[in-house]
Amino acid sequence: MMKLFIAIFLMISCLYAQTIQTSGTVISDNQKVITSKHMGYIKQVNVTEGSYVKKGDLLYIIDSTSLNSQKNEILNNLEILKNNQDNLYINLNRYKRLYKDDLVSKYDVEQLELKYNNLKNQIQIVKEKLKNINNEFKYLKVKSPIDAMVIKKSINVANMAIVGQPALILTDMNKLKVKTQINESDLLNIKSAQNVKIFIPSLKLTTKGKVSAIIPNIDTTSHSFTIKIDFLTKNKNIYPGMYAQIDIFVKDNGNKNEQ
């Protein structure tokens, strides 16, 4: 009797249950495109495609001739200014002594003091430039901003690092989601935390998920919205770009969605 009751219950549930079937792609919700801030030849690359890196790990090193030239120019300029300052200081003190003996005018002393102070300000400005240029050198050693896997590498040793051009793409494998499109007409049936069944054919993996985000930006061509789904990876090697089939449970005969 009990078995009959359960069978009838499941049959009724199936009749009333509704799902939205669609397909999507595995993505990482935290992907970083690594670019170079300075142009220069790449003298060291520490990663390959598929490498796992930790936040702060050294990815590659750029040898920037331009930055070295700028620094040398600033250092030379600073040395010249300091020499001029030393000479002016000596001259100023000499004029002060002469002024006490009434051998030079006060105006001459004031003019030297003005030059000395101007030179002092110029040295301070150049020191700030040196400080800034030294800070730029840290960008020649490109480090990982996150724990991630290298999924694309576009650089090799002796290549030229181009400013703004992608050198590496890093993907946080702990932030995997499935992204799909939902028709505008189905949007009323989709809610955050809604239960989802996901099947990844290449791994023959069936797993569970929940709607984590509904992006409120309609594609006016297809009249669809993007949604993102968190899912259980079940310790499988799942990579961004994998194809996924999706069943979104929009009604289960009054029962709460279960994961």
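Me: Which residue in S13 is the bridge partner of Thr180?
Reply: That's Ile227. One thing to keep in mind as we go: this is a predicted model.

Me: Thanks. How many bridges join S10 to S13, and how do the two strands run?
Reply: There are seven bridges between them, and the strands run antiparallel. S10 covers residues 176–183.

Me: And S12, how many bridges join that one to S13?
Reply: Seven bridges here, with S12 (residues 205–219) and S13 running antiparallel. To pick out a pair, Ile215 stands opposite Thr226 in S13.

Me: What do S12 and S13 form, and how many residues lie between them?
Reply: They form a hairpin, with four residues between the two strands. Have a look at His223 in the turn, where phi is positive at about 50°.

Me: How many of the eight residues of S13 are buried?
Reply: Seven of them, so S13 (residues 224–231) is largely enclosed by the rest of the structure.

Me: New topic. What is the strand order in the open sheet of four strands?
Reply: The order is S2-S9-S7-S4, and the pairing is antiparallel. S2 (31–35) and S4 (52–53) are the edge strands, each pairing on one side only.

Me: How many bridges join S4 to S7?
Reply: Two bridges, and the strands run antiparallel; S7 spans residues 148–153. Val53 has Ala148 in S7 as its bridge partner.

Me: Now Asp247. Which strand is that in?
Reply: Asp247 sits in strand S14, which covers residues 243–251.

Me: Is Asp247 buried or exposed?
Reply: Buried: the relative accessible area of Asp247 is 16%, and the cut-off for buried is under 20%.

Me: Which side chain does the Asp247 side chain make a polar contact with?
Reply: The side chain of Gln21, at 3.4 Å. Apart from neighbours within four places in sequence, Asp247 is in contact with Ile20, Gln21, Asn195, Val196 and Lys197.

Me: Let's zoom out. How many helices and strands does the protein have?
Reply: Three helices and 14 strands. Of the 259 residues in the protein, 32% are buried.

Me: Last one: among contacts between residues at least 6 apart in sequence, what percentage join residues at least 24 apart?
Reply: That comes to 75% of those contacts in the protein.

How values were computed
Residues numbered from 1 in each chain as written. Predicted model: local features only at pLDDT ≥ 70, side-chain atom pairs only at ≥ 80, totals over all residues. Heavy atoms only, no water. Buried < 20%, exposed > 50% of the residue type's maximum accessible area, 1.4 Å probe, protein only. Pairing = 2+ DSSP bridges. Contact = heavy atoms within 4.5 Å. Polar contact = N/O pair within 3.5 Å; in protein donor to acceptor, adjacent residues only side chain to side chain.
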